Amino acid sequence: MTELAAVKAALRTQAVETPSWAYGNSGTRFKVFAQAGVPRDPFEKLDDAAKVHEFTGVAPTVALHIPWDRVEDYAALAAHAEKRGVRIGAINSNTFQDDDYKLGSICHPDAVVRRKAVDHLLECVDIMDATGSRDLKLWFADGTNYPGQDDIRSRQDRLAEGLAEVYERLGEGQRMLLEYKLFEPAFYTTDVPDWGTAYAHCLKLGDKAQVVVDTGHHAPGTNIEFIVATLLREGKLGGFDFNSRFYADDDLMVGAADPFQLFRIMYEVVRGGGFAPETNVAFMLDQCHNIEAKIPAIVRSVMNVQEATAKALLVDGTALAAAQGSGDVLEANAVLMDAYNTDVRPLLREVREEMGLEPEPLKAYRASGWGEKVVAERVGGEQAGWGA
């Protein structure tokens with residue numbers, strides 16, 4: 001197989017998971033701007049996700065968020081997804097919106113609240129069983145705002161105890177993905193603030209626990225690709241939540257703020273074998289589409305990941321290794337920059353045509369009339385959104 005053929009083959013097998021909540025109304029803490037045609041229930045979210053997969057060919061799974069996507073019959077929801085040509089992906093828990101969680105959930109000082117939080121996580125595993133989902137994705141808003149508010153070490157003990165109970169409940173082929181976040185909503189201490197804390201807990205739990213890297217959850221200047229390389233090396237990179245940030249957890253479209261960073265991250269994925277099926281790295285979007293149209297934004301985001309991946313696959317590994325081995329700093333950097341500066345859009349158009357797809361996904365989506373169709377049909381009822 002030629003080098004170009006290998007690149008094309010890798011791009012054809014790429015999979016980007018889209019989030020159900022990105023199809024609903026979402027926004028900032030200040031305002032959620034409603035849009036016409038937004039899904040009214042999880043079934044309609046899957047309908048929209050299926051359109052993204054139809055026009056990109058690389059978005060076969062959809063992450064759910066519980067309770068936002070709670071339904072009476074999860075097997076029926078999974079069957080609906082299959083009928084539409086997609087599958088249920090990660091099940092995301094929610095332990096941050098109930099009043100009981102004001103002082104934390106799984107790390108709360110009150111055992112009654114901790115029990116409630118753990119029971120919710122166990123419910124999410126039940127939903128995994130019903131939908132065929134592989135991944136339980138956990139993010140905790142737990143933390144403190146003031147020194148002395150709670151005991152830092154005790155909170156870590158509670159976290160470990162709760163995670164261990166949920167871990168034991170996981171079935172064959174299921175795993176726990178632990179996400180971290182630098183801050184927000186807690187400002188003094190966050191109970192899972194960084195990749196080191198998440199890694200330490202996952203290491204203690206076992207092989208079914210891995211770390212999720214959200215690209216918006218880091219301090220300015222953090223070398224995210226170093227984190228990716230290290231977790232891949234240790235076999236503990238479970239997946240990504242892709243988005244962009246200018247300031248904090250902005251949840252903007254992936255590749256919008258710093259496409260070069262996305263390229264560097266994807267290069268480390270390629271370098272570390274992260275696209276090999278046995279690594280099971282999940283490439284997920286986690287974004288907020290507040291002012292832009294939902295489906296086109298998600299299609300564009302998938303395309304951004306594809307472009308960064310294509311550039312990463314085009315890095316001349318032989319030339320890079322030679323330059324690194326000889327200490328030629330400028331040449332080593334030039335090899336990476338040559339790949340980054342390559343216009344890969346013609347290559348991706350070829351790949352899509354070879355997959356039987358339209359070469360321009362956004363143009364094809366707009367020409368399909370789906371956006372106008374759902375605006376006309378989805379009248380009445382409560383629109384889905386964050387917290388609904």
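Which residue in E3 is the bridge partner of His-65?

Modeller: Happy to. The bridge partner of His-65 in E3 is Asn-92. Before going on, a word on the ground rules. This is a predicted model, in which local features need pLDDT of at least 70 and side-chain atom pairs count only at pLDDT 80 or more, while totals for chains, interfaces and linings use all residues. Residues are numbered from 1 along each chain as its sequence is written, and side-chain values use heavy atoms, with hydrogens and water left out.

His-65 and Asn-92 belong to a pairing of strand E2 (residues 61–65) with E3, which run parallel and are joined by 4 bridges. Helices (H or I, at least four residues) and strands (E, at least two) are DSSP runs, numbered from the N terminus, and two strands pair if DSSP finds at least two bridges between them. The whole sheet is open and has 8 strands, paired in parallel in the order E1-E2-E3-E4-E6-E8-E9-E10. Strand E1 (18–19) and strand E10 (282–285) are at its edges; each has a single partner strand, so one side of each lacks a neighbour in the sheet.

The peptide bond between Ile-66 and Pro-67 is cis, with omega of about 20°, and Pro-67 sits in the loop between E2 and helix H3 (74–84).

Now to E4. Strand E3 (residues 87–92) runs parallel to E4 and is joined to it by 2 bridges, and Ile-91 has Leu-136 as its bridge partner in E4.

Buried means under 20% relative accessible area, exposed over 50%, and partly exposed in between (1.4 Å probe, protein chains only). Asp-135 counts as buried because its relative accessibility is 4%. Arg-134 forms a salt bridge with Asp-135, with the closest N and O atoms 3.1 Å apart; the cut-off is a side-chain nitrogen of Lys or Arg within 4 Å of a carboxyl oxygen of Asp or Glu. Arg-134 itself is partly exposed, because its relative accessibility is 31%.

Helix H4 holds Met-128, which is buried because its relative accessible area is 1%. Setting aside residues up to four places away in sequence, Met-128 touches Ile-91, Ser-133, Arg-134, Asp-135, Leu-136, Gln-174 and Arg-175, where contact means heavy atoms within 4.5 Å. Met-128 and Gln-174 are 46 residues apart along the chain, yet their C-alpha atoms are separated by 8.3 Å.

On the E6 side, E4 is joined to strand E6 (residues 175–179) by 4 bridges, and they run parallel. In E6, Arg-175 is the bridge partner of Asp-135.

The loop between E6 and E7 contains Glu-184. Although Glu-184 is not a glycine, its phi is positive, about 85°. Glu-184 is joined to Pro-185 by a cis peptide bond with omega of about 10°. The side chain of Glu-184 also has a salt bridge to Lys-181, with the closest N and O atoms 2.9 Å apart. Lys-181 counts as buried because its relative accessible area is 7%.

The last stop is Asp-214, in strand E8 (residues 209–214). Asp-214 is buried yet has no salt bridge, and Lys-137, the nearest side chain of opposite charge, is 6.5 Å away. Asp-214 does have a side-chain polar contact of 3.0 Å with Asn-243. A polar contact is a pair of N or O atoms within 3.5 Å; within protein, one must be able to donate a hydrogen and the other to accept it, and residues adjacent in sequence count only if both atoms are side-chain atoms. Beyond its neighbours within four places in sequence, Asp-214 is in contact with Glu-179, Asp-241, Asn-243, Asp-249 and Asp-286.

Note on methods: Lys, Arg positive; Asp, Glu negative; His and termini not counted.
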